[in-house]
Amino acid sequence: MATTTDRDTFTTVKKCIVLFGAGGAVVLGTVAVMAATGHATTPFMWIRGVIFLAIVPFLHRLATRAAGGSAKAFDRVRTLSTVMPIAIIGVDLVPGLCPAWYAVLQGLSALALVAVAVLTRTSALAAAFPKP
């Protein structure tokens with residue numbers, strides 16, 4: 001990444017990934033509070049919350065490598081940021097799988113990845129990482 005615009009875009013991408021992680025922490029914290037106060041939680045809610053939070057360092061590392069010029073990392077960030085929000089929302093829409101509050105919190109955190117998907121599809125970044 002040579003241009004200031006590209007560096008600024010990747011700075012924003014990394015901030016969005018951190019925001020996704022913060023949303024995941026809120027989700028997991030809410031599940032913990034619900035469980036501690038005697039409300040119903042499911043293994044699905046716990047496992048999914050932990051997995052999404054665990055993915056954040058991986059995504060951030062990929063974005064950092066992409067900012068350094070790695071086309072492979074850029075392609076992975078681009079793909080994951082497109083697929084994950086669709087999967088998150090799609091699974092949350094399965095009736096009876098999770099409570100509405102959980103689906104809403106997960107959906108809100110997925111918005112940060114939607115921003116990453118949009119940012120990684122700008123013409124400037126597409127030009128910086130031409131397809132072979």
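1. Leucine 111 is exposed, because its relative accessible area is 51%. The classes are: buried, under 20% relative accessible area; exposed, over 50%; partly exposed, in between (1.4 Å probe, protein chains only). Leucine 111 sits in helix α4. Helices (H or I, at least four residues) and strands (E, at least two) are DSSP runs, numbered from the N terminus.

2. On provenance: this is a predicted model, in which local features need pLDDT of at least 70, side-chain atom pairs count only at pLDDT 80 or more, and totals for chains, interfaces and linings use all residues. Residues are numbered from 1 along each chain as its sequence is written, and side-chain values use heavy atoms, with hydrogens and water left out.

3. Leu111 belongs to a nonpolar surface patch with Val104, Leu108, Val114 and Val118. Together they have about 450 Å² of accessible area (Shrake-Rupley method, 1.4 Å probe; for residues, only the protein chains shown count as cover). Patch residues have over 30% relative accessible area and no salt bridge; nonpolar side chains (Val, Leu, Ile, Met, Phe, Trp, Tyr) are joined within 5 Å, like charges within 9 Å. A salt bridge is a side-chain nitrogen of Lys or Arg within 4 Å of a carboxyl oxygen of Asp or Glu.

4. Phe10, Val13, Ile17 and Phe20 touch the most other members. Elements giving two or more residues are α1 (4-36), α2 (43-67), α3 (71-92) and α4 (100-119). Helix α2 supplies the largest share, 7 residues. A second, separate core of 6 residues includes Val27, Val31, Cys98 and Ala103.

5. There are 6 aromatic pairs (ring centres of Phe, Tyr and Trp, its six-membered ring, within 6.5 Å; planes under 30 degrees apart are stacked, over 60 edge-to-face, the rest tilted). The rings of Phe10 and Phe74 have centres 6.2 Å apart and planes at 75 degrees, so this pair is edge-to-face. Phe10 lies in α1 and Phe74 in α3, so the pair ties together parts 64 residues apart in sequence. Phe10 is buried at 1%, as is Phe74 at 3% relative accessibility. Phe10, Phe74 and Phe129 form one aromatic cluster.

6. The rings of Phe20 and Phe52 have centres 6.1 Å apart and planes at 55 degrees, so this pair is tilted. Phe20 in α1 and Phe52 in α2 are 32 residues apart. Beyond its neighbours within four places in sequence, Phe20 contacts residues including Phe52, Met84, Ile88 and Leu113 (heavy atoms within 4.5 Å).

Terms used: A nonpolar core is a set of buried Ala, Val, Leu, Ile, Met, Phe, Trp, Tyr and Cys residues joined through side-chain atoms within 4.5 Å.
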